[in-house]
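Hello,

Here is the structure for you to look at. My notes follow below it.

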Amino acid sequence: MAEKDELKGIQKAAILLIALGPEKSSLIFKHLKEDEIEDLTLEIANTKSVSIQTKEKVINEFYEVCLAQQYIAEGGIGYAKELLEKALGADKAMDVIGKLTASLQVKPFEFVKKTDASQLLNFIQDEHPQTIALILSYLSAGQSAQILSALAPEKQADVARRIATMDRTSPDVIKEVERVLESKLSSLVNQDYTIIGGVDAVVEILNTVDRGTEKHIMGTLEVEEPELADEIRKKMFVFEDILLLDDRSIQRVLRDVDNNDLAIACKGSGEEVQNAIFRNMSKRLAEMIREDMEFMGPVRMKDVEEAQQKIVNIIRKLEDSAEIVISRGGGDEIVV
């Protein structure tokens with residue numbers, strides 16, 4: 001690598017991972033996409049030697065950018081610039097913020113993430129459901145779940161429906177809502193239309209709220225928006241989420257599952273899911289299902305998904321009847 005040349009982003013990332021070592025780098029890889037991992041692995045493999053000076057330069061730049069991100073999240077660009085100028089000097093501070101804002105988009109409502117959910121609830125509970133839905137779409141699932149659970153029951157389903165059906169929101173609308181919330185980041189909103197919300201967003205929130213809130217929202221949506229409710233329900237608990245069940249609950253589920261459906265469902269699941277299932281049945285039955293999986297040969301993905309959905313439906317039915325409990329947020333902790 002020609003260290004005299006300006007390093008590219010991926011080169012800097014590779015050098016940083018090399019400097020951090022395999023243990024810390026492996027933790028970072030867990031948060032990357034497959035293509036990013038492939039590109040970085042290839043770049044690391046092609047990096048023959050790096051001087052100590054280059055390593056230090058890359059690490060310092062990484063530290064400065066992380067520092068800037070933290071300051072921006074805490075109080076906005078102005079706040080970050082002020083603190084960075086004190087720490088790094090005016091020229092260096094502008095350089096760091098310039099690199100950061102060029103490569104990262106500061107999301108709207110970032111300042112709200114530092115606000116306590118109960119305080120934010122008092123601030124927005126009387127707003128129009130569409131405004132509440134817009135704000136919740138930008139928050140973490142946990143924070144949104146707290147607020148959604150605390151809203152008036154007649155508003156909960158309406159807000160959830162609006163999150164699920166939200167697609168693109170005008171930057172002018174976002175700016176206006178941020179202005180009302182006295183946002184410090186309104187000037188940083190990207191002028192492109194921003195894709196937010198959607199079914200996946202509301203599913204993540206509903207998977208975090210307490211069961212009572214979820215049942216109320218889903219019950220309302222099933223009456224008012226049956227197709228949307230069906231789409232949400234299909235995504236709320238997938239076959240792999242069987243790992244959220246304790247052993248006793250898995251054993252209860254397996255009593256109602258057809259062995260042929262189980263073999264087909266396991267055929268398309270990972271080893272961790274298979275192990276969780278097999279350890280909760282007799283050795284003889286586990287061996288028999290493994291043999292069925294081996295001898296059935298290739299199976300259509302459609303058949304696997306149908307078999308898995310049958311088992312998911314059984315799990316949901318048993319949860320509704322309180323025979324099992326799915327580990328989730330919002331007060332579903334078990335008291336013995």
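How many contacts beyond four places in sequence does the model have for residues 183–195, where pLDDT stays under 50? The model has 34 of them for that stretch. Keep in mind that this is a predicted model. Where pLDDT is low, the predicted coordinates should not be read in detail.

Now the chain as a whole. Its average pLDDT is 76. At least 70 is the score for 75% of the residues. The secondary structure comes to 18 helices and 2 strands. The chain has 336 residues, and 41% of them count as buried. It exposes about 19,500 Å². Carbon and sulfur atoms supply 50% of that area. Take the contacts between residues at least 6 apart in sequence: 74% of these join residues at least 24 apart.

Helix α8 covers residues 141–150 and helix α11 covers residues 199–206. Their axes come within 8 Å and cross at roughly 70°. An angle from 65 to 115 degrees counts as roughly perpendicular, so α8 is roughly perpendicular to α11. From α8, the contact uses A141, S144, A145 and L148. From α11, it uses E204, I205 and L206. By type, the residues of this contact are 5 nonpolar, 1 polar and 1 charged.

Best wishes

How values were computed: Residues are numbered from 1 along each chain as its sequence is written. This is a predicted model: local features need pLDDT of at least 70, side-chain atom pairs count only at pLDDT 80 or more; totals for chains, interfaces and linings use all residues. Side-chain values use heavy atoms; hydrogens and water are left out. Axes are lines fitted to C-alpha atoms, for helices over the stretch in contact, and angles run from 0 to 180 degrees between N-to-C directions. Helices (H or I, at least four residues) and strands (E, at least two) are DSSP runs, numbered from the N terminus. Angles under 35 degrees count as roughly parallel, over 145 as roughly antiparallel, 65 to 115 as roughly perpendicular and the rest as oblique. Contact means heavy atoms within 4.5 Å. Ala, Val, Leu, Ile, Met, Phe, Trp, Tyr, Cys and Pro count as nonpolar, Asp, Glu, Lys and Arg as charged, and the others, Gly among them, as polar. pLDDT is the predictor's confidence in each residue, from 0 to 100. Buried means under 20% relative accessible area, exposed over 50%, partly exposed in between (1.4 Å probe, protein chains only). Accessible areas come from the Shrake-Rupley method with a 1.4 Å probe; for residues, only the protein chains shown count as cover.
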